[in-house]
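Biologist: I would like to go through this model step by step. Please show it first, and then I will ask about single residues, chains and contacts.

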Amino acid sequence: MAWQFNSNRPIYQQIVDEIELRILNGTYEMGMRLPSVRDLAVLAAVNPNTMQRALAELEEMGLVSTQRNTGRTVTTDETAVSRARDIKADLLAETFMMQMQALGLSRKEVLERLAKGEHKEGDHAVNS
Amino acid sequence: MQSILETRALSKRYSSTLALNNVDLSLPKGKIIGLLGPNGSGKTTLLKIVAGLLTPTTGTVLVDNQPVGEGTKSLISYLPERTYLPDWMTVEDCLDYFADFYKDFDMARAREMLSRLNVPAGKRMKQLSKGTREKMQLVLVMSRRAKLYLLDEPIGGVDPATRDYILDTIIGNYDNEATILISTHLIADVEKVLDEFLFLKEGVITMHDTTDNVRETQGKSLDELFREVFRC
Amino acid sequence: MLKKLLKHDFRALSRTLVPMQIGVLGGGLVATLLTAITIRLGENTANTGGSALMRTLIMGVSATASVLIGIAIMASALVTLLLICYHFYRSFLGDEGYLTFTLPVSTSKLIWSKLLTGMAWTVINALVVAVTLIIFSVFGTTSNSIVNMEVLQAYRTFFTEILPQASQYVNVPIMSVEIVVIGVLALASQLLEIYFAIVVGGQIAKKHRVLAAIGMYLLINMGVGMISTAFMSAVAFGEGVSSIALETVPEVTRFMTSTFGWYGVLFAGLAVGFFFLIRSIFKKNLNLQ
């Protein structure tokens, strides 16, 4: 099935985000061989040039590497992956914090709310 | 980088209407480009002139630096908006025909695509449904290793599944030495596939840019931009 | 490339024309058989004193068969021509034009292919008709034996007596060749004239193209007639026809040769003219719908 994209943001950027996500959560395992640019493009239903640009960006980020003979593979470098995860997680956390604060909550209130939520989840786990 | 298609001051007049008005364009190699505009804006006229089916009223057209003629016809693979294969020809006859006249025809690829479509070789064109016939024509056109593909409204009037099939075929056959020019008025469906686009309004090119540029600088989709520019 | 065009054009025409020629031949054979049978029946009835009514009936069937053959034969020539024209029309002026005119071949070759295949099929049809007629005349016209010896004799006589006699007046081999050449040129110019009429008809009329083509053909034919008359008159005048003596073989041969020669020039000129007109329209003014 074709991946879902928003047409008002550069597609290549969205592809980068999607592939990065898959690498971070293990869907694309480390060291795994990626399909060719063309095959990926058909899978995602996008222009091969766009896919090429996305993959180049991912290489620059250190998440993907190209070998002469074997084509593109997901990196085996643990530190690169955890660094990417850190960056993404920090960004998401910051964004979340800003959005919560826009509701009028203080940082402390946000953190309390989060802790309460964890407990709630624990309860749910016990009751279900 | 040399361009695959260049027109200069290209105009086409039909008795009372000016279908193309002073069109200047230069298309690079290796890109998928959209020729976008409402019905009647001159898209088909432009494609027919490049394909060698119409002669311009004024202006010049160069394909790979050659004027339109026998030579350029072997570089161009053209898919018209209509059914143009003879009714009586079978699938096999059509393959034979294309293989005979076009050196760049890839028979293996054509057969492979046809087998995936489940079209038996012995069926005549008139026995096929309209949708299958259109797919058949697309297969023939995309099985050629041409330098310039001209597709006139390839996804108009087909169901969504067929639309996906057509776009997948276009993507899958992409070759970075070749340029694919797709004319359509269904922007939203094709914009993910386009590198660049041209807006054609009443025979005039009003915009020529990359799709990424539009998304990055204006935060709009091509579809949204199109609606703005062509607001009635 | 021309060979490929010829192959495909010939194949396209064969689809309908081969069955038709087989039909003509088959029809001819059937009619021959019928006629042969009815003649014999008619004779038998006469010998055993059958009624006049029977005889009339049998004669009637025989005559009808002959007439039907005649009609079928004339029809086949017309149908052949119509199918050739239809193929030309579809390839160039219909939706198939999108296929034809995007082929990487020169316009001239496209026209040559239509011309040569059209001529070939006209000749094939003529041969089939001739063979059918010969078969009928030899096998279907007598009751005394299977083969009509008189007719065969007539054919033989043509070759053994009439032709040699003719060579007292003309050089037969040379004349034969000249007749064939003129025939070919005449056929070419006539076919191209028809093609031209179709093309022009298509240019000026968006609807009712068939009528337009026929109209154009009649107009063009008048024009061609006038040109031909003017041309041949000029030739006759130039050659001083009135003062030519036609007594010896060499003189007759020379006269016939020069007449044929000038007709050859006329037909060739018309053919070339129409060819270039068609080509020019295709190159400059192509306006496919």
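Biologist: Does E202(B) count as buried, exposed or partly exposed?

Modeller: This is a predicted model. E202(B) sits in the loop between β9 (196–201) and β10 (204–210) of chain B. A residue needs 20 or more C-beta neighbours within 10 Å to be buried and 12 or fewer to be exposed. E202(B) has 15 C-beta neighbours inside 10 Å, so E202(B) counts as partly exposed.

Biologist: And A9(B), what is the value near which its phi lies?

Modeller: A9(B) belongs to strand β1 (residues 3–14) of chain B. A9(B) counts as exposed because 12 C-beta neighbours lie inside 10 Å. Most residues other than glycine have a negative phi. For A9(B), which is not glycine, phi is positive, near 50°.

Biologist: Which residues of the largest nonpolar core touch the most other members?

Modeller: That core holds 92 residues. L150(B), when neighbours within four places in sequence are left aside, is in contact with several residues, including L47(B), I76(B), Y78(B) and L181(B). The residues that touch the most other members of the core are V50(B), L148(B) and L150(B).

Biologist: How many residues of chain C and of chain B take part in their contact, and which helix gives the most on the side of chain C?

Modeller: The contact takes 17 residues from chain C and 19 residues from chain B. On the side of chain C, α1 (2–47) and α3 (97–100) each supply at least two residues. By class, that side has eight nonpolar, four polar and five charged residues. With three residues, the helix that gives the most to the side of chain C touching chain B is α1(C).

Biologist: Within chain C, which helix supplies the largest share of the side of domain 1 that touches domain 2?

Modeller: The domain assignment of chain C gives domain 1 (1–165) and domain 2 (167–289), and 18 residues of domain 1 are in contact with 18 residues of domain 2. Among the helices that each supply at least two residues of the domain 1 side are α2 (52–93) and α5 (149–166) of chain C. That side divides into 11 nonpolar, six polar and one charged residues. The largest share, eight residues, comes from α4(C).

Biologist: Turning to chain A, how far apart do the C-alpha centres of its domain 1 and domain 2 lie?

Modeller: The domain assignment of chain A gives domain 1 (11–76) and domain 2 (79–127). Eight residues of domain 1 of chain A are in contact with five residues of domain 2. The domain 1 side has five nonpolar, two polar and one charged residues. The C-alpha centres of domain 1 and domain 2 of chain A lie apart by 29 Å.

Biologist: What radius of gyration does chain A have?

Modeller: Chain A has five helices and two strands, in the order α-α-α-β-β-α-α along the sequence. Its C-alpha atoms fill a box of roughly 55 × 30 × 30 Å along the principal axes. A compact globule of 128 residues would have a radius of gyration near 14 Å, but chain A has 19 Å.

Biologist: What percentage of the residues of chain A count as buried?

Modeller: Among contacts in chain A between residues at least 6 apart in sequence, 55% join residues at least 24 apart. Burial is counted over the 128 residues of chain A, and the share that counts as buried is 22%.

Note on methods: Residues numbered from 1 in each chain as written. Chains lettered and ligands numbered in written order. Predicted model: local features only at pLDDT ≥ 70, side-chain atom pairs only at ≥ 80, totals over all residues. Core = buried A, V, L, I, M, F, W, Y, C linked by C-beta atoms within 7 Å. Contact = placed C-beta atoms within 7 Å. Helix = DSSP H or I, 4+ residues; strand = E, 2+ residues; numbered from the N terminus. Nonpolar A, V, L, I, M, F, W, Y, C, P; charged D, E, K, R; others polar. Domains from an automatic or database assignment. Rg over C-alpha atoms; globule rule 2.2 N^0.38 Å.
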